[in-house]
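Some labels attached to a model only make sense next to their cut-offs.

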Amino acid sequence: MHRTIKQVIQARRQTEGGGFQVRRPLPAPGVRYIDPILMIDEMGPVDYLPGEAIGAPDHPHRGFETVTYMLAGEFEHRDSAGHAGRLQPGDVQWMTAGRGVMHSEMPSARIMEEGGRVHGFQIWINLPSRLKMTEPRYQEVAASQIPEAVSKDGLARVRVIAGEALGVSARIDTHTPIIYQHWMLQPGATVDQPLAADCNALLYVFSGELVAAGKPLLDGEMGVLGQGDRVNLSVPETAPATTQLLLLGGVPLGEPVLQHGPFVMNTRQEIDQAIQDYQQGRMGAIRQG
Ligand code: MN
């Protein structure tokens, strides 16, 4: 059975962290999350002048995962467990915050000095109760290591960050079944993509125009998919350019979601504990250098 679009949500422009601009389709008014996807932030695209670039200085997370996917520009990150690295276009960082990390996510020194374009995504994915206090884990995958596939007619291309598409499987390990795919569809492309029936799923168009399940979906629109085991995606032959979208989803956890800023737990007591642990320095500190 093909999935239909049961709701269309317009991304809203917001200012996050130290002041960077995002387009945010989730959460939205009346839609706190699409279990297990908690938040979708499209960072930019923004063109910084020298000295203008902004990031998210030291802050904590507990109880979920943050997935950063760069499309343009560079981010440098550093955390309380001693991890540090640089994300370049096409790279993915899948961070399991688990019991807690303190980290910073900043444009690279080069972008800070010279300016330039920054564009990417940060998605928050919930963890089940049994894994909220797991050890923090990082999976950093360079652009060249993200599996890609192209349709037989060459009109559809997909980068498979999580899940499976066009016969290709992701290499990133996820704690629960997750779908995370970046599709690039040329005018005239048509794709019939299988989706496990037990997964919630959504589409977020961030460039061009899409027809999904027979309905138009425009730049900056998220389509929440109904039930079924596949979805049809196409781009009209008359479209002026390549359409880009994320296909996201996962098996719902079906647990209570209590969020307080950067902490996402199951109970009020666990949130209070997270705040206390953070205030007392039990999520660590970032070593400079
Ligand atoms: Mn963060």
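A cavity is a set of grid points where a 1.4 Å probe fits but cannot get out. This model is predicted, and a search of the whole structure finds 1 cavity of 30 Å³ or more.

Q: How do you know that the largest cavity passes the 30 Å³ limit?
A: The space in the largest cavity is about 40 Å³, and the search counts cavities of 30 Å³ or more.

Q: What makes F75 a lining residue of the largest cavity?
A: Lining residues have an atom within 4 Å of a point. F75 is in the lining, together with F20, Q21, M43, G44, V46, Y48, I54 and V118. The largest share, 4 residues, is from β4.

Q: Why is S108 called buried?
A: Buried means under 20% relative accessible area. S108 has 1% relative accessibility, so S108 counts as buried. S108 sits in the loop between β10 (101–107) and α1 (109–114).

Q: What makes the link between the side chains of S108 and E74 a polar contact?
A: The cut-off for a pair of N or O atoms is 3.5 Å, and the side chains of S108 and E74 are joined at 2.7 Å. E74 is also among the residues that S108 touches, along with F75, E76 and R86, leaving aside residues up to four places away in sequence.

Q: How do you know that β4 and β11 pair?
A: Pairing needs at least two bridges. Strands β4 (residues 37–48) and β11 (residues 116–126) have 9 bridges, in the antiparallel sense. I40 has I123 in β11 as its bridge partner.

Terms used
Residues are numbered from 1 along each chain as its sequence is written. This is a predicted model: local features need pLDDT of at least 70, side-chain atom pairs count only at pLDDT 80 or more; totals for chains, interfaces and linings use all residues. Side-chain values use heavy atoms; hydrogens and water are left out. Helices (H or I, at least four residues) and strands (E, at least two) are DSSP runs, numbered from the N terminus. Buried means under 20% relative accessible area, exposed over 50%, partly exposed in between (1.4 Å probe, protein chains only). A polar contact is a pair of N or O atoms within 3.5 Å; within protein, one must be able to donate a hydrogen and the other to accept it, and residues adjacent in sequence count only if both atoms are side-chain atoms. Contact means heavy atoms within 4.5 Å. On a 1 Å grid over the protein atoms alone, a cavity is a set of points where a 1.4 Å probe fits but cannot get out, and a pocket is an open set with protein on both sides within 12 Å along at least five of seven lines; lining residues have an atom within 4 Å of a point. Grid points are joined across faces, edges and corners, and a volume is the space filled by probe spheres set on the points.
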